[in-house]
Amino acid sequence: MQRCSQADGSPAACGCSARVVTVSPGPLIRVEGQPVSIKCNVREYSGPREQDFEWMMSRESSGQKIKIISTFDALYSHPSLSKRVASGDISVVRLQDNEAELKIAEAKPVDAGFYWCQTPSTDVVISGNYEAQVQLIVIPNTLKVSPQTPPPVVPEGTDVTLSCNVTRELTHPTYLSVTWSVKRGAASEEILTFGPQGGVATGAKFSRRYADGGVRLVPGANGVFELVITRATTSDEGIYECNGTEWTHENGKWIKIVESAKEMGTVAVTFSLSLEASVSPRMTFEPTELSCHVTNITQMSPGGRLGVDWEHTPLPGTADDAQTPHPIASLDGSGNLLSDSRYADRLRSGALSLSRVHPNTFKLRFLRTQDVDMGRYACTVSAWSVSSRGAMVKTAEAKSSPLVVRWDAKHPSLNVAAKRIREASVGGATFEMSCTVSTDNLGEAGYSVLIQSQESLGATVRTIMTLSPDNVLSHGGATDPNRRDSLVLTKSGPAEFRFRLAGVQLSDRGYYWCDITAWTKQQPGQTWTKANSSESNKVRINFQENGPSFSIAINSDTNSVYPWETAKMECSLGVSGSSPKTDDLAYEVSWFFTRLRGGQTTAQVAAVDRFGVVSRSDRNSSSDVSVERRDAHTYLLNIFGTQDSDSGEYHCVATPWYLSASTGAWTEAKELTSPRVFLTVKFAVWDSLKLPLLYGASASLGVGLFSLLLGLVCAQCCCRNATHTPRSRNKLMDLEMD
């Protein structure tokens, strides 16, 4: 191999390339227990593109070298370092083909010394330098960070001082810096950093505030530094941390060699509250609304929320005179509604509500304030932020001054009187009653009306109809849908209501009354609030069933007919008394026949049921029958082609059906039987012989004519001359020839 280099190791003048090996510039100052990294690279070389590296060290610059690690020889390390190499405490990492890095995971005092990086030659001509040296200084870790714990609760608008003491033993030229940061939930935000050059750097969200003097740095003696946050708001709440860092300056760069962070503590900023009654009751059952207002809510930390707790303390002299605050309900930071058992039912029904009407305003509202609601009220507002685990945690809270709510306890009174307007004495009649309302200690109000009934005193109460304070009418569950047109409930005056029931039935008998509730509105457009309710006296419907009376008669157009003629018998029905409508009346009619006058054995001739379906019995006679309905009370039996067998007694039987006005159901009346009529089918001699005589004469005449015609035919055929010679048709021809 040819060597081409000068005595000082610089490339020779012969023009060949010169290998150059470099390491990190030194000396390198590192802290005991901290990681160490020394980079080495080679350039201007020939041979393979990927180069190998060998590391050696010595306690002194001219002392004996100890092999540390190699990129190509696994057995290169000195036995005293082989365990550290095997454990990974000492390692070499190839960064590029021509660059490698020696890494020490935790520096030890014995690691202080001089380090050589060598590259085995792959050049054709030996030229340049093949190794480079750097000194490593390992100093003890003397960095101390001692923060002063800030007050856990700071009134809103006051200053917060964050004091931190950062020191170290100066044995080599190192520098210090101190950083303050605040943690809200999982995110940490830098506030301000002082050093290592003596300059100040601020976090992105605190730059403007630092420029305005809202954040100030106050250096002190003996390594004490103070950060002052002026006019603290709820956005300044969180866990504060102080970070001390020791630096060294190498090759024009600042290198962090050790740092220590300590939590200073959690700071909660209280806020101011104002509690007022936005709606005050003047009397019992009027609404009450309390507003709890929080200041500076716009300065909440990102993701932060507010919660509220409401409490009530009874007034002295009330039934609950223990003077102990009772929790009402609360909204936590997640918006969950929690209520005390005393108020749970009112919250579920909507009589009590909690709401956030603005980001900084909470409201407690009673729709119907009761006497027990008098007392002192207070709201406690809590600030919530997101923890490092993502959960909502309470960071601060403030309680308002108590607010007294009371009024002159004059209860609104309500009285309802019912009276009968129309009496229902029979089934099908109309019943009507009115209910009049009188009030006291009640202003302008609306009324809801329930018409209720019961069959007897102490029986189950049924709701017939309802009318809302907005005059919306509805039917109760006890109302038959088929009879809703018969029920009427109207407002007949400012405080009077009328109920009418048309076509009363037996099932309607019982007691009727009005259950009326008064409702008020605090302001137009608001929902109705219940003030008081009362029931009227009871009005009775009581009558007896009086059904209609029926009669029956039978008439015949004639008592005797000739055979093959038509006989007609009319069955007439009459009704008297409480006559139902035509559509509410029907009959079942049947006709019966017996051949003997006054005979007991009868046979059914025909029948028609109440639905108009006609049925006829089997007959041995050649005659036929039909039934027709002439009007609502008249039915006609027709016997066509009467025969002698149709002679006998006839009568009709009818069963009336009517729709009872008392029960509303079809009712079967007593069966009616008409008197009997006798029908005679006459027998006439001439009428019985005229057809046979006519048939005989016709037959005789036909036989005579046939005989005459037959004689004429025979005469023509039997008496003709057999010798007669017919004249020749050729006679004329013969004469012409002559």
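Reader: Where does P27 lie?

Author: Strands are DSSP runs of E with at least two residues, numbered from the N terminus. P27 sits in the loop between β2 (20-23) and β3 (28-31). In this predicted model, local features need pLDDT of at least 70 and side-chain atom pairs count only at pLDDT 80 or more, while totals for chains, interfaces and linings use all residues. Residues are numbered from 1 along each chain as its sequence is written, and side-chain values use heavy atoms, with hydrogens and water left out.

Reader: What kind of peptide bond joins G26 and P27?

Author: The bond is cis, with omega about 0 degrees. Another cis bond joins G195 and P196, also with omega about 0 degrees; P196 is in the loop between β16 (187-194) and β17 (200-202).

Reader: Which residues touch the most other members of the largest nonpolar core?

Author: In soluble globular proteins, nonpolar side chains tend to be buried together. A nonpolar core is a set of buried Ala, Val, Leu, Ile, Met, Phe, Trp, Tyr and Cys residues joined through side-chain atoms within 4.5 Å; buried means under 20% relative accessible area, exposed over 50%, partly exposed in between (1.4 Å probe, protein chains only). Here the largest core has 31 residues, and L162, V178, W180, I191 and Y240 touch the most other members. Strand β21 (residues 253-270) gives the most, with five residues.

Reader: Why does this core lie between domain 1 and domain 2?

Author: Domain bounds come from an automatic or database domain assignment. Domain 1 (19-139) and domain 2 (143-269) both give residues to the core, so it lies between them.

Reader: Is N251 buried or exposed?

Author: N251 is exposed, at 61% relative accessibility. Its phi is positive, near 50 degrees.

Terms used: Helix = DSSP H or I, 4+ residues; strand = E, 2+ residues; numbered from the N terminus.
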